Every structure is written in structure tokens, then in C-alpha cells.
Amino acid sequence: MATPLTADPGLAAFGSSLTAITLAELGDKTFFMALILAARHRGRDVFLGAFAALAAVTLISLGLGYGLRELLPAAVVPWLAAVLFLGFGIKLIVDAQGLADDEAQEEEKEAEEVINQAESRGPINASYAVIWEAFMLVFIAELGDRTQFTTIFLATAPAFTFTGLLAGALAGHAIVTALAVGAGQWIGTRISEKLLYRLSGGLFIAFGLFALHQATS
């Protein structure tokens with residue numbers, strides 16, 4: 001898989017965002033929302049609604065990151081990216097220490113409570129209603145989530161292209177959503193939130209060191 005050190009900025013952006021988004025989304029609340037909804041409704045409808053929501057939040061996040069990049073002087077941007085990447089990476093590793101062993105189960109429980117509340121008025125059967133329900137629940141849950149911050153921070157890095165980041169992020173979301181819909185119960189019981197946080201943290205520290213190298217070169 002591509003790393004930030006590759007010579008092709010488009011390929012670097014694709015590989016970096018694919019890896020970061022996949023790690024951030026596995027075991028996330030939106031992952032379990034898709035899993036639970038797929039157990040109650042047609043998987044195709046759940047996938048369409050959930051993926052559309054994730055794509056919408058991705059576009060918003062990339063817009064925020066690129067807007068921040070455009071507002072600041074070019075000389076400052078690599079330093080900003082380095083600070084954001086290193087800070088976020090360290091935070092993820094520190095947070096991993098405080099996670100309970102059953103953190104994934106807690107995320108699943110919270111997701112189920114939200115879905116039960118949304119469906120408390122009665123069963124939802126029509127395809128369009130399931131798609132809309134999946135879209136709204138996932139969209140709201142994704143706002144302010146670590147995956148959104150991941151996308152924003154990636155967009156601040158001058159070495160990454162918009163097209164590469166968008167393609168990688170959408171591919172990551174598609175893979176994780178498909179896994180949640182198709183094999184969610186099997187995967188959900190094997191997810192270690194601590195491991196995912198540590199892997200994500202290590203990845204962002206690597207991004208940060210590369211951005212720091214760019215800033216000082």
C-alpha cells in the first residue's frame with residue numbers, strides 16, 4: 001500500500017487516505033450502525049444510505065481542510081500539517097491506553113440505542129425509507145467523529161492531492177461499509193479498538209514526520 005514517501009502525490013494521497021480511513025472506520029459507531037441496520041433491513045439499501053452519508057461528510061471535511069490550506073501562507077501549511085498530524089497521532093496513542101477491552105462492544109451498544117430510538121415509532125420497510133434512515137443516522141454520527149478529523153487533517157497536507165484523497169477516502173469507506181453490511185457480526189466480535197487506535201496513531205505520527213521533513217527542507 002502506498003505511503004506518504006512515494007514520489008507520486010496522487011498515489012501517496014490515495015494510499016494514505018485509504019489506510020487512515022479504513023483504520024478509523026473499523027469499529028467506529030457508524031460501522032456498527034451499518035452492521036445493525038443490515039441485520040434488520042436489506043443490505044443494499046443500508047449500504048447505499050450509509051455510504052452516501054460518509055461520502056457527503058468526506059466532501060465537507062476535504063473542503064474544510066483545503067479551505068484552511070488556502071487561507072494560510074504557503075510556508076506555514078507544512079508546519080500546520082506537521083503539528084496536526086503529530087498531535088493527532090500522539091492523542092490517539094494516549095487515548096488507546098485508556099480504552100476498555102470491550103470498547104468495541106460499547107460502541108455497538110451506543111449505535112443500537114440510537115437506531116432503536118429512531119425506529120421506536122414503528123417498523124421501516126420501504127427501500128427509500130431505509131436508505132434515508134441509514135443516511136441520516138450515519139451522517140449525524142460521523143460529524144465530529146475521529147474519521148472526519150482524519151480527513152480534515154489529511155487535506156491540510158500540501159503533499160496530498162484532492163483527487164487522491166477523495167478516491168482513497170471513498171474507497172476506504174466503501175470497503176468498511178461493505179464489510180459491516182456483509183460480514184459485520186463476524187468482524188465486530190474480533191475488533192480491538194486499542195490496536196486500531198495505536199495503528200492510526202502510528203500512521204499519523206509517520207505523516208507528521210514527513211510533513212516536518214517537508215517544512216524544514
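Twelve aromatic pairs are counted in this predicted model, where Phe, Tyr and Trp rings (the six-membered ring for Trp) pair if their centres lie within 6.5 Å, and planes under 30 degrees apart count as stacked, over 60 as edge-to-face and the rest as tilted. Residues are numbered from 1 along each chain as its sequence is written. Because the model is predicted, local features need pLDDT of at least 70 and side-chain atom pairs count only at pLDDT 80 or more, while totals for chains, interfaces and linings use all residues; side-chain values use heavy atoms, with hydrogens and water left out.

Among these pairs, F135 and F139 are stacked, because their ring centres are 5.7 Å apart and their planes lie at 15 degrees. Both residues sit in helix α6 (residues 127-142), four residues apart and so separated by about one helical turn. Helices here are DSSP runs (H or I, at least four residues), numbered from the N terminus.

The crossing of α3 and α6 is right-handed, meaning that the near helix is turned clockwise from the far one by less than a right angle. F135 and F139 are among the α6 residues in this contact, and A50 and L54 are among those from α3, contact being heavy atoms within 4.5 Å. By class, 15 nonpolar, two polar and two charged residues take part, with Ala, Val, Leu, Ile, Met, Phe, Trp, Tyr, Cys and Pro taken as nonpolar, Asp, Glu, Lys and Arg as charged, and the others, Gly among them, as polar.

Helix α7 (residues 146-156) packs on α3 as well, at about 35 degrees with axes 7 Å apart, again in a right-handed crossing. Including V57 and I60 of α3 and I152 of α7, the contact holds eight nonpolar, six polar and one charged residues.

Finally, the largest cavity holds about 50 Å³, a cavity being a set of points on a 1 Å grid over the protein atoms alone where a 1.4 Å probe fits but cannot get out, with lining residues having an atom within 4 Å of a point. Its lining includes A50, L54 and V138, and divides into seven nonpolar, two polar and one charged.

Key
On a 1 Å grid over the protein atoms alone, a cavity is a set of points where a 1.4 Å probe fits but cannot get out, and a pocket is an open set with protein on both sides within 12 Å along at least five of seven lines; lining residues have an atom within 4 Å of a point. Grid points are joined across faces, edges and corners, and a volume is the space filled by probe spheres set on the points. Axes are lines fitted to C-alpha atoms, for helices over the stretch in contact, and angles run from 0 to 180 degrees between N-to-C directions. Helices (H or I, at least four residues) and strands (E, at least two) are DSSP runs, numbered from the N terminus.
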